[in-house]
Amino acid sequence: MIVAFMSIVLISQFGSPLVIPVGDRTPVINVEKTCKDSVAAEKEVGISVVQPFEDCMRDENQAKQLDAVWTTYSAPLRERCEKKATLLGEGSYVDLLNCVQMSDPAKLTPTRDLKGASRNRN
C-alpha cells in the first residue's frame with residue numbers, strides 16, 4: 001500500500017512513472033534453457049537431424065528484433081502473444097515474433113525462417 005502511494009506521489013511530482021509496466025517491455029525469456037530443453041527433447045524422441053543448440057540460440061536472439069516495435073502493438077495483442085509464447089513455463093522469442101507478425105507483418109523486417117525453440121516447427 002505504501003509503495004502504491006509513493007508511486008502516485010512520485011508520478012504527480014515528476015510527471016512520469018519511474019517504473020515501466022512489465023507489458024511495455026518485450027518479455028524476458030530464458031532462451032538458453034528453452035534451447036537446451038528443445039535439443040534434449042529432440043534427441044530423446046529420436047529425431048534424426050537435431051537442431052544444434054547454437055542454431056537455436058542464434059534464431060532466438062535474432063527474433064528479439066521485436067524489441068524495437070513491441071510497444072507499437074496493442075496491449076491485448078502483446079498479452080495474448082506473451083501467453084502463447086511462454087506456455088508451460090518455457091518460452092520462445094521465435095513464437096512471440098510469429099504471433100505479432102501475424103497481426104501486422106509490415107512492422108517487422110522480414111527474417112529468414114527462424115526455428116529456435118519454437119513449438120510450432122515443421
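Colleague: What do the buried residues of helix 3 pack against?
Modeller: They pack against helix 2 and helix 5. The model is predicted: local features need pLDDT of at least 70, side-chain atom pairs count only at pLDDT 80 or more, and totals for chains, interfaces and linings use all residues.

Colleague: Why does Thr26 count as buried?
Modeller: Its relative accessibility is 14%. Buried means under 20% relative accessible area, exposed means over 50%, and partly exposed lies in between, with a 1.4 Å probe and protein chains only. Thr26 therefore counts as buried. Thr26 sits in the loop between helix 1 (2–14) and helix 2.

Colleague: What is Thr26 in contact with, leaving aside its neighbours within four places in sequence?
Modeller: Leu66, Asp67, Trp70, Tyr93 and Leu96. Contact means heavy atoms within 4.5 Å. Thr26 and Lys64 are 38 residues apart in sequence, yet their C-alpha atoms are 8.3 Å apart in space.

Colleague: Why does Cys81 count as buried?
Modeller: Cys81 has 0% relative accessibility, so the buried label applies. Cys81 belongs to helix 4 (residues 75–85). Not counting residues up to four places away in sequence, Cys81 touches Leu96, Cys99 and Val100.

Colleague: How close is the reach of helix 2 to what is expected at 1.5 Å a residue?
Modeller: Helix 2 (residues 31–44) reaches 19 Å from its first C-alpha to its last, close to the expected 20 Å. Helix 2 has 14 residues. The expected span is 1.5 Å times one less than the number of residues.

Colleague: Which residues of helix 2 are buried?
Modeller: Val31, Thr34, Cys35, Ser38, Val39 and Glu42. They lie on the same side of helix 2, because they cover an arc of only 130 degrees around the axis. The arc is that of the directions from the helix axis to the C-beta atoms. The face turned away from this buried side carries Lys43 and Glu44, both exposed. Helix 3 (53–63) and helix 5 (93–103) are included in what covers the buried residues of helix 2. Just after helix 2, Gly46 takes a positive phi of about 85 degrees.

Colleague: What puts the buried residues of helix 3 on the same side?
Modeller: The buried residues are Cys56, Met57, Asp59, Glu60 and Ala63. Their arc around the axis is only 165 degrees, which puts them on the same side of helix 3.

Colleague: Why are helix 2 and helix 3 called oblique to each other?
Modeller: Their axes come within 9 Å and cross at roughly 140 degrees. Axes are lines fitted to C-alpha atoms, for helices over the stretch in contact, and angles run from 0 to 180 degrees between N-to-C directions. Under 35 degrees counts as roughly parallel, over 145 as roughly antiparallel, 65 to 115 as roughly perpendicular, and the rest as oblique. Helix 2 and helix 3 are therefore oblique.

Colleague: Which handedness has the crossing of helix 2 and helix 3, left or right?
Modeller: Right-handed. A crossing is left-handed if the near helix is turned anticlockwise from the far one by less than a right angle, and right-handed if clockwise. Val31, Glu32, Cys35, Lys36 and Val39 of helix 2 meet Phe53, Cys56, Met57, Glu60 and Asn61 of helix 3.

Colleague: At what angle do helix 3 and helix 5 pack?
Modeller: About 40 degrees, with the axes 8 Å apart. Helix 3 and helix 5 are therefore oblique to each other. Their crossing is left-handed. Asp59, Glu60 and Ala63 of helix 3 make the contact with Tyr93, Val94 and Leu97 of helix 5.

Colleague: How many residues of helix 5 are buried?
Modeller: 8 of 11, and helix 5 is mostly covered. Among the buried ones are Asp95, Leu96, Cys99 and Gln101. Their cover includes helix 2, helix 3 and helix 4.

Technical notes: Residues are numbered from 1 along each chain as its sequence is written. Side-chain values use heavy atoms; hydrogens and water are left out. Helices (H or I, at least four residues) and strands (E, at least two) are DSSP runs, numbered from the N terminus.
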